[in-house]
Amino acid sequence: QVQVVESGGGLVQPGGSLRLSCVASGSIYSFNAIGWYRQAPGKQRELVAAITSSGSTNYADSVKGRFTISRGYAQNTVYLQMNSLNSDDTAVYYCNAELPHIGNYWGQGTQVTVSS
């Protein structure tokens, strides 16, 4: 079995920063990619950033230059450093782990609210 857990969300003022973490655990030997998605009220879930097992990264245009996805020292752990946050970043952020021959596993999400 596989479990994906996000943490680090919360309330932050515009211009502030948050660091989200994602840990995938269980019967995992490797992963193809781990991605961060977000879903704002009334909007479709969208990809924010992703990192592959080789270390390559992708970012949505809206967050490029502000967000950084990185690998932790522990395997199957990634972080999303979010800087210069604005109200448009308010959403539930989900972590997705793509595992070879297993499939995709989603976390339960962590709320990020950017407000004064």
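I take buried to mean under 20% relative accessible area, exposed to mean over 50%, and partly exposed to mean in between, with a 1.4 Å probe and protein chains only. By that rule Asp-89 is buried, with a relative accessible area of 1%.

**Ground rules.** I am reading a predicted model, in which local features need pLDDT of at least 70 and side-chain atom pairs count only at pLDDT 80 or more, while totals for chains, interfaces and linings use all residues. Residues are numbered from 1 along each chain as its sequence is written, and side-chain values use heavy atoms, with hydrogens and water left out.

**The chain as a whole.** I looked up the secondary structure, where helices (H or I, at least four residues) and strands (E, at least two) are DSSP runs numbered from the N terminus, and I found zero helices and 11 strands. The C-alpha trace spans about 45 × 25 × 25 Å along its principal axes. For 116 residues a compact globule would have a radius of gyration near 13 Å, and the 14 Å of the chain agrees with that; the radius is taken over C-alpha atoms, and the globule rule is 2.2 Å times the number of residues to the power 0.38. Buried residues make up 40% of the 116 residues. Taking contact as heavy atoms within 4.5 Å, I noted that 52% of the contacts between residues at least 6 apart in sequence join residues at least 24 apart.

**The disulfide.** I then searched for disulfides, meaning pairs of cysteine sulfur atoms within 2.5 Å, and the structure holds one. This disulfide joins Cys-22 to Cys-95, with an S to S distance of 1.8 Å. Cys-22 lies in strand E3 (residues 18-26) and Cys-95 in strand E9 (residues 91-99), so the pair ties together parts that are 73 residues apart in sequence. The torsion about the S-S bond of Cys-22 and Cys-95 is about -75°, so I recorded the disulfide as left-handed. Cys-22 counts as buried at 0% relative accessibility, and Cys-95 is also buried, with a relative accessible area of 0%.

**Around Asp-89.** Coming back to Asp-89, I placed this residue in the loop between strand E8 (77-82) and E9. Leaving aside neighbours within four places in sequence, Asp-89 is in contact with Arg-38, Arg-66, Phe-67, Ser-84, Val-112 and Val-114. Ser-84 lies in the loop between E8 and E9 too, where it counts as partly exposed at 43% relative accessibility. The phi of Ser-84 is near 50°, which I marked as a positive value in a residue other than glycine.

**Gln-81.** In strand E8 I looked at Gln-81, which is partly exposed, with a relative accessible area of 27%. Gln-81 and Leu-18 are 63 residues apart along the chain, yet their C-alpha atoms are separated by 6.2 Å. Not counting residues up to four places away in sequence, Gln-81 touches Ser-17, Leu-18, Arg-19, Arg-66, Phe-67 and Thr-68.

**His-101.** My last entry concerns His-101, in the loop between E9 and strand E10 (103-106). The phi of His-101 is near 65°, a positive value in a residue other than glycine, and at 87% relative accessibility I counted His-101 as exposed.
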